[in-house]
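Please find below a colleague's note, written for a reader who is new to protein structures.

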Amino acid sequence: MKRYRMFILVAVVLAPCMLRAQQVHIDVEASEFRKMRVAMPAYAGPGDLTGQLWTVCARDFAITGLFEVIAPQGYVNPGPLGEIQPGSLKDWTLIGADYVVAATVSRQGQTVLFRVQMIEISTGNVIERTTYTSGLQTMERAVHAFMNHMLKEKFALAPLFSSKIACIKKVKGAKQLHVMWCDGTGGTTIKGGGSLVLNPAWSPDGKRIALVTYYRNNPDLYVFDTVSFRLNLLAGLKGINITPAFDPGGTRLAVTQSSDGNPEIYLMNLDGSGRTRLTNSWATDTSPSFSPDGRSVVFCSSRAGNPHIFLLDLATRKVTRLTYEGKYNTEPVFSPRGDLVAFSHLAGDGKYRIGLVRPDGSKFRVLPGSGLSDEAPAFSPDGRLIAFAAANGNIYVTDLLGMAAVPVTTGGGFSEPAWSPFLK
Amino acid sequence: MVESLWRTPPEIEQMDASLQTTYLLRVGRAGELLQKKLLVSSGNVPFDRSVLVALGRIGRFPQPPLVLIAGEDWVEVTMSFTPPKGVLQ
């Protein structure tokens with residue numbers, strides 16, 4: 001109706017000078033963000049493989065932040081469908097789908113073949129028709145390859161599903177390092193490092209994870225090599241050696257230590273040399289995170305009375321307070337894009353939420369998250385998404401508007417996610 | 001009509017409310033979409049793609065007033081799409 005009125009308005013104004021068809025201009029502003037809708041009928045193939053791959057694929061679509069999967073209960077043809085026939089597109093238009101994905105799964109020995117077809121319904125274009133292969137034990141990798149290819153070719157986005165999340169997993173009373181793909185598949189719990197491991201932080205090349213263990217009955221800082229699986233002590237000063245963060249070059253670490261009295265933030269080389277004190281306050285300063293250009297560090301400090309987020313300019317040592325909302329803001333992390341800082345924010349209802357603020361302290365907002373109590377945010381390597389730990393002990397992934405928080409673990413016991421760079 | 005069919009994903013690559021995608025459309029006498037051409041990209045591929053998908057979902061536009069057609073069989077419409085302002089600003 002709005003459009004129709006626009007036509008008439010332009011017509012009245014321009015009619016006197018019209019000799020031929022006129023050009024009309026219309027501005028369309030979206031009233032809200034809405035995800036694109038994907039229909040996923042059941043896959044064709046042996047049931048022990050298809051159900052598992054369908055579940056991974058549906059979760060991966062949701063994790064991207066671009067799509068929502070339409071519940072299969074409403075499908076005209078719920079499948080199994082190995083391929084969509086061009087004449088059946090109306091079945092998917094009827095349920096409001098923007099895309100439909102069909103696949104055939106088969107097995108040859110220890111190899112899984114995932115033949116997937118994705119159609120853009122509005123144009124009728126087949127935007128993906130490819131067979132991906134993977135080992136039987138790692139068949140989620142075939143879905144990851146499809147998702148990465150689709151994101152790159154059709155949306156010019158980075159290969160999200162070549163990144164991992166390291167976190168802490170509680171196993172029989174012990175807290176240990178757990179590493180999984182960013183959708184929760186392919187998880188491995190790494191034993192060693194004692195019964196209490198904390199604060200994982202990836203190196204920029206994805207080959208090392210700095211972490212804290214109580215292996216020597218003190219919170220000491222170690223670096224875990226993900227290739228050799230070796231764990232090397234980096235800092236074991238008296239007091240705490242916690243919350244490590246690599247600098248963007250991967251040559252130095254910022255860490256919280258209390259050997260000089262109260263907790264302060266220090267910078268050191270990866271062999272422990274060149275130790276420099278970055279903060280100097282009567283209060284507790286902790287949880288450093290570098291800006292992507294390496295010029296500044298956000299951290300948490302109680303220098304204003306309650307824990308809040310501050311930004312330290314490394315060249316001038318000037319400290320700027322970023323948060324004033326609420327009484328408890330902790331665990332800040334800089335976005336890899338440099339445009340946001342995420343942190344754990346104690347909301348008015350007594351629950352934690354993931355807070356966001358720009359590095360100049362403006363645009364504070366809070367993500368709805370899981371609806372539980374959410375802490376410990378970690379940005380995806382492209383800065384489009386945030387992983388966090390919810391009060392039910394599971395890791396979730398959300399887009400930056402918080403339109404959907406997708407659990408990537410089940411069963412609980414998970415905390416402190418750290419998102420890797422894109423891995424090769 | 002387009003707005004109701006447009007699913008703008010929360011893909012805020014630049015966290016930038018100034019994203020704008022402009023299409024040139026040729027709409028026939030009965031409101032049918034005859035041609036569409038991307039005039040100006042927003043530079044954000046997911047955003048541009050969401051506009052393309054929305055245009056593809058339109059069965060038919062309102063019939064353009066005859067005075068706009070002025071003897072031709074179509075009218076040209078440039079349409080600029082921008083994301084919701086409230087969230088990003």
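Predicted model: local features only at pLDDT ≥ 70, side-chain atom pairs only at ≥ 80, totals over all residues.

1. Helix α2 of chain A. Just after α2(A), A:Gly65 has a positive phi of about 85°.

2. The largest pocket. The volume of the largest pocket is about 1300 Å³. It is lined by 45 residues, and those closest to its centre are A:Ala201, A:Pro244, A:Pro288, A:Ser289 and A:Val333. Which strands each supply at least two residues of this lining? In chain A they are β10 (197-202), β14 (241-246), β18 (285-290), β22 (329-334), β26 (374-379) and β30 (414-419). By type, the lining comprises 30 nonpolar, 11 polar and 4 charged residues.

3. The second largest pocket. Here the volume is about 360 Å³. Of the 20 lining residues, A:Lys164, A:Trp202, A:Gly206, A:Thr226 and A:Leu423 are the closest to the centre. The most come from β8(A), which gives 3 residues. The lining of the second largest pocket divides into 10 nonpolar, 5 polar and 5 charged residues.

4. Aromatic pairs. Over all chains, the structure holds 14 aromatic pairs. One of these is a tilted pair of A:Tyr43 and A:Phe114, at 5.7 Å centre to centre and with 55° between the planes. The two residues are 71 residues apart and the pair links distant parts of the chain: A:Tyr43 lies in the loop between β2 (36-39) and α2 of chain A, and A:Phe114 in strand β5 (residues 111-120) of chain A. Are these residues buried or exposed? With a relative accessible area of 3%, A:Tyr43 is buried, and A:Phe114, with 0%, is buried also. Both counts follow because buried means under 20% relative accessible area.

5. An edge-to-face pair. A:Tyr75 and A:Trp92 form an edge-to-face pair, with 5.4 Å from centre to centre and 80° between the planes. A:Tyr75 is in the loop between β3 (67-69) and α3 (89-94) of chain A, whereas A:Trp92 is in helix α3 of chain A, 17 residues apart. A:Tyr75 counts as buried at 7% relative accessibility, and A:Trp92 is buried with a relative accessible area of 1%.

6. Cluster and charges over rings. One aromatic cluster is formed by A:Tyr43, A:Phe61, A:Phe67, A:Tyr99, A:Phe114, A:Tyr132, A:Phe146 and A:Phe155. Elsewhere, two arginines call for attention. A:Arg275 lies over the face of A:Tyr266, 3.9 Å from the ring centre. A:Arg303 lies over the face of A:Phe310, 5.5 Å from the ring centre.

7. Backbone angles to check. Most residues other than glycine have a negative phi, and most peptide bonds are trans. The peptide bond from A:Gly79 to A:Pro80 is cis, with omega near 5°, and A:Pro80 is in the loop between β3 and α3 of chain A. A:Phe229 has a positive phi near 65° and is not a glycine; its place is the loop between β12 (220-225) and β13 (231-235) of chain A. A:Thr243, also not a glycine, has a positive phi of about 45°. A:Thr243 belongs to strand β14 of chain A and counts as buried at 13% relative accessibility.

8. Chain B. How many helices and strands does chain B have? Its secondary structure comes to 4 helices and 3 strands, in the order α-β-β-α-α-β-α from the N terminus on. Of the 89 residues of chain B, 55% count as buried.

How values were computed: Residues numbered from 1 in each chain as written. Chains lettered and ligands numbered in written order. Heavy atoms only, no water. 1 Å grid on protein atoms, 1.4 Å probe; cavity = no way out; pocket = protein on both sides within 12 Å on 5 of 7 lines; lining within 4 Å. Points joined across faces, edges and corners; volume = space filled by probe spheres on them. Nonpolar A, V, L, I, M, F, W, Y, C, P; charged D, E, K, R; others polar. Phe/Tyr/Trp six-rings, centres within 6.5 Å; stacked < 30°, edge-to-face > 60°. Buried < 20%, exposed > 50% of the residue type's maximum accessible area, 1.4 Å probe, protein only. Lys NZ or Arg CZ within 6 Å of the ring centre and 35° of its normal.
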